[in-house]
Amino acid sequence: MRKPLIAALSVLAIAGAGVTPAVAAEPAPTGVGKSAEADTVTSAVNGVVTSAADTVNRLTSPTPRGVSFAGTVSLSNCSGSVIRFPGSEENDPALVMSNGHCLESGFPAPGQVIVDQASSRTFGLLNASGTRVATLRANKLAYATMTDTDVSIYQLNTTYAQIKSSYGINPLTVNDKHPTAGTAITVVSGYWKRTYACNIDGFVHQLKEGNWTWKDSVRYTSACQTIGGTSGSPVVDNATGKVVAVNNTGNEDGERCTDNNPCEVDESGKVTVRHGINYGQETYQIPACFGVDNKLDLSRSGCTLPKP
């Protein structure tokens, strides 16, 4: 989930040579992994490597037909997207989805669920070609957790209609049906302005990483070699253009169930390690938890998201 500062510094060293960067640094929880001084350096590094990477990424990672960057966003440390649900209306406050582990405050603890917390976080809105056209701002963190899934959903101070009127950009629709194995998908990173095309290889009963456990995760085929900074990217069904998952992790070193090295656990308890394979968390269960005016209601019928 998170990348060491040294990796980002390595990227900076090679960016001038025209090599596609390997990683972007993501934040550690307070007191874990990096000091405040390191965070300051990382912020500067991110700005340099992002600009150096844009041209190369556009050339080496062509976007599949029918999939674009429109509606995706860049966070300070991750990727995300402006989303709507099947029942959302044009005048509802818009929502942005990313990962729970992308919160400014650090990783939520196992079992922790955050709801309706004030937030003024900003997001860079991208158009179809990946150009940043606006800065959107949240007024609250509607929901976030790293238990069973890895998701954060922010409510913005603007509506879908206002975003459409000002920038000509529609939100991405979250599919409310379980995804299907074999589906052609694209992970669309607003942070890197880069896409990763592959297929859904299958689903994981439990995906364990460090202290966290996620259920019914999406496993990608090996073509999706996602990197740090792609956390929170929407996983888009190429055929429908709808979001079926949110990108969140991958096994980097072949280790077993450690940070940055998730392992798969089946119904019988058997553990499998897939070095170099990456994963996302399903999103079909989220629409049932939001009602009129895009308001979170964890007591709604059919809502299975973890509760505080």
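Here are some questions and answers about this predicted model.

Q: How many helices and strands does the secondary structure of the protein come to?
A: Let's start with the overall picture. The protein has 308 residues, and 54% of them are buried. Its secondary structure comes to three helices and 16 strands.

Q: Among contacts between residues at least 6 apart in sequence, what percentage join residues at least 24 apart?
A: A contact here means heavy atoms within 4.5 Å. Counting the contacts between residues at least 6 apart in sequence, the share that joins residues at least 24 apart is 67%.

Q: Which residue in E5 is the bridge partner of serine 74?
A: Strand E1 (residues 72–74) and E5 run antiparallel and are joined by two bridges. Within E5, serine 74 has as its bridge partner glycine 124.

Q: Which element gives the most to the largest nonpolar core?
A: This core has 46 residues, and Phe123, Leu125 and Leu156 are among those that touch the most other members. Elements giving two or more residues to the core include E5, E6, strand E7 (151–159) and helix H3 (160–167). The element that gives the most, with seven residues, is E6.

Q: Which residues is leucine 156 in contact with, leaving aside its neighbours within four places in sequence?
A: Neighbours within four places are set aside here. The contacts of leucine 156 are then Pro93, Ala94, Val96, Phe123, Leu136, Arg137, Ala138, Asn139 and Ile163.

Q: Is glycine 280 buried or exposed?
A: Glycine 280 lies in strand E16 (residues 278–282). Beyond four places in sequence, it touches Ser217, Val218, Tyr220, Val246, Asn247 and Asn248. The relative accessibility of glycine 280 is 0%, so it counts as buried.

Q: How far apart in space are glycine 280 and tryptophan 214, C-alpha to C-alpha?
A: In sequence, glycine 280 and tryptophan 214 are 66 residues apart. In space, their C-alpha to C-alpha distance is 9.8 Å.

Methods
Residues are numbered from 1 along each chain as its sequence is written. This is a predicted model: local features need pLDDT of at least 70, side-chain atom pairs count only at pLDDT 80 or more; totals for chains, interfaces and linings use all residues. Side-chain values use heavy atoms; hydrogens and water are left out. Two strands pair if DSSP finds at least two bridges between them. Helices (H or I, at least four residues) and strands (E, at least two) are DSSP runs, numbered from the N terminus. Buried means under 20% relative accessible area, exposed over 50%, partly exposed in between (1.4 Å probe, protein chains only). A nonpolar core is a set of buried Ala, Val, Leu, Ile, Met, Phe, Trp, Tyr and Cys residues joined through side-chain atoms within 4.5 Å.
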